[in-house]
Amino acid sequence: RSKMHRAVLASLLLAAGLVVATVALPDCVDCPEYVALSAHDKADVIWDKLIHSEYSMFPNDWYTLSMAELFTEDMNEPFDRYSDQLPSGRKKLIHTFGTIAQVKFLPDENEYSGIFQGSNYGFARLSVAKDPSGGFTPGMAIKFMRDGTYSANIISMYELSGQGSDYNFFKNEMKTWVSMGEGLALELGAKIFRKGSSTPTHLSVDNLGIAGEDGKEVGHSEFNYPGQLYFEPSPSLQTRFASSEHEWRGDLKQLPTGTTLYTVWAANDCTCGGSEKPCEKVSDCKDKKKIGSLVTTSRFVASSWGDSQMFFQHYRFGKKGRRTCVYKNNLNADTNARLSGNLNEQCVTGSCPSIGGWFHSVKAVKQTDGCPFHLNSKQESWVSEPMVEDANINSTPASVVPAVVGCVAAVAIIGVVIALVRSRSREVYREMDAATL
């Protein structure tokens, strides 16, 4: 009987443990509870959201992007937001639709630090920048999870201009530095994106070198990362899919777990046709080095959460001075630069802004130089753009001044209109009185 009791007790304890393990994972992503999780558990949280919002049919209601919308977007957000989820209400204006698989990075021997030494828990989102019927423009975003801190991300493309009418996603290499391209639309787009970075088509991968999967920052003397990355498609994938127009997400859905998607190459001085242009192919890089491969650990899933909520941070190659602004209370979920690990803080370029409405404006109570990882990442300490001047946290943000002037002007105009209406009303009443008499 005692053996039976012990067996029953063991079963109950095991069941209780499973329940605790299940309920311990938070449902939120843009929150401190999520940031504190292990890389493994973060991957579980994200994957659960992806598979439970998987499309039954691939959507193709592509967003029609206007320059006016781009002008109103905060171009610093992709660089200064530390979260795996977009802020509340934010639309994904480009790369609207894609498909995501869990991946791992299998490293070859290399001299780089942090994630470059390997990662078991990552996600790769393969997408196209716009409606492919107007030109197929493939890109890939990668996210590697870390224990107890923020993820590491990579943004790569083939070229801004795309690959014409060829729908073979794996036809060309992806890279973290692409040419600016030619044409009025690309020039206008580049001008807008320069509001966020002086080198919008040349992204850094320094954040990957800061810390590995265990979340521990490397020593400054160990910190090392390449100037650019190339992702060379596996030869079997380059010729597997058709070039003619078809549903490209269906191609990726066919790929089984364990598929090697890309060979990863590092380079530091890979320019062709002038110092401002990166080589199109890694084979043209003089100092190239194979550092590993990107392999799937799940199937590909196209989902509404992945398309509308999942966020991949960008890293500036040309740096800006930044600061962390601390507030007394938590910031709203739609605050672009809010830190998911500390909801009362945000990372900004420039002065610490006041928050709240006109009648209840709240200023930052504290500011610190730099943002997460800044001591190692050189995101602030290595500056090729002028550092911003120290902000006075009690000052009115410059952006508020024109708004105040506009508001005063609007009130004045309304006052004049009301006065004219009243004056005309009195005239009408006098005319009616005269007519009555």
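The count of salt bridges here comes to 14, a salt bridge being a side-chain nitrogen of Lys or Arg within 4 Å of a carboxyl oxygen of Asp or Glu. This is a predicted model, in which local features need pLDDT of at least 70, side-chain atom pairs count only at pLDDT 80 or more, and totals for chains, interfaces and linings use all residues. Residues are numbered from 1 along each chain as its sequence is written, and side-chain values use heavy atoms, with hydrogens and water left out.

Here are some of the salt bridges:

| Pair | N to O distance |
|---|---|
| R299 and E54 | 3.0 Å |
| E77 and R90 | 2.4 Å |
| D80 and R322 | 2.9 Å |

Let's take R299 and E54, which meet in a salt bridge. R299 sits in the loop between strand 8 (289-296) and helix 10 (304-308), and E54 in the loop between helix 3 (39-51) and helix 4 (67-72), so their pairing ties together parts that are 245 residues apart in sequence. Helices (H or I, at least four residues) and strands (E, at least two) are DSSP runs, numbered from the N terminus. R299 is partly exposed at 37% relative accessibility, and E54 is partly exposed too, at 28%. As for the wording, buried means under 20% relative accessible area, exposed over 50%, and partly exposed in between (1.4 Å probe, protein chains only).

Helix 5 (residues 77-80) holds E77, while R90 is in the loop between helix 5 and strand 1 (98-107), so that pair ties together parts 13 residues apart in sequence. E77 is buried, with a relative accessible area of 2%. D80 is in helix 5 as well, and its partner R322 is in the loop between helix 10 and strand 9, so this bridge ties together parts 242 residues apart in sequence. Both D80 and R322 are buried. There's also a network of salt bridges linking D30, R81 and R338.

What about R146, which is buried yet has no salt bridge? Its nearest side chain of opposite charge, D214, is 7.2 Å away (Lys and Arg count as positive and Asp and Glu as negative; His and the chain ends are not counted). R146 lies in the loop between strand 3 (138-144) and strand 4. A polar atom of its side chain lies 2.5 Å from the backbone oxygen of N207, and one lies 3.2 Å from the backbone oxygen of Y150.

Now for the rings. The structure holds 13 aromatic pairs: rings of Phe, Tyr and Trp (its six-membered ring) pair if their centres lie within 6.5 Å, with planes under 30 degrees apart counted as stacked, over 60 as edge-to-face and the rest as tilted. F170 and Y262 form a tilted pair, 5.7 Å centre to centre with 50° between the planes. F170 is in the loop between strand 4 (152-157) and strand 5 (174-175) and Y262 in strand 7 (residues 260-267), so the pair ties together parts 92 residues apart in sequence. F170 and Y262 are both buried.

Finally, four strands form an open antiparallel sheet in the order 10-11-9-12; two strands pair if DSSP finds at least two bridges between them. Strand 10 (338-339) and strand 12 (366-369) stand at the edges with a single partner strand each, so one side of each has no neighbour in the sheet. Four bridges join strand 9 (residues 323-326) to strand 11 (residues 342-348).

Methods
Polar contact = N/O pair within 3.5 Å; in protein donor to acceptor, adjacent residues only side chain to side chain.
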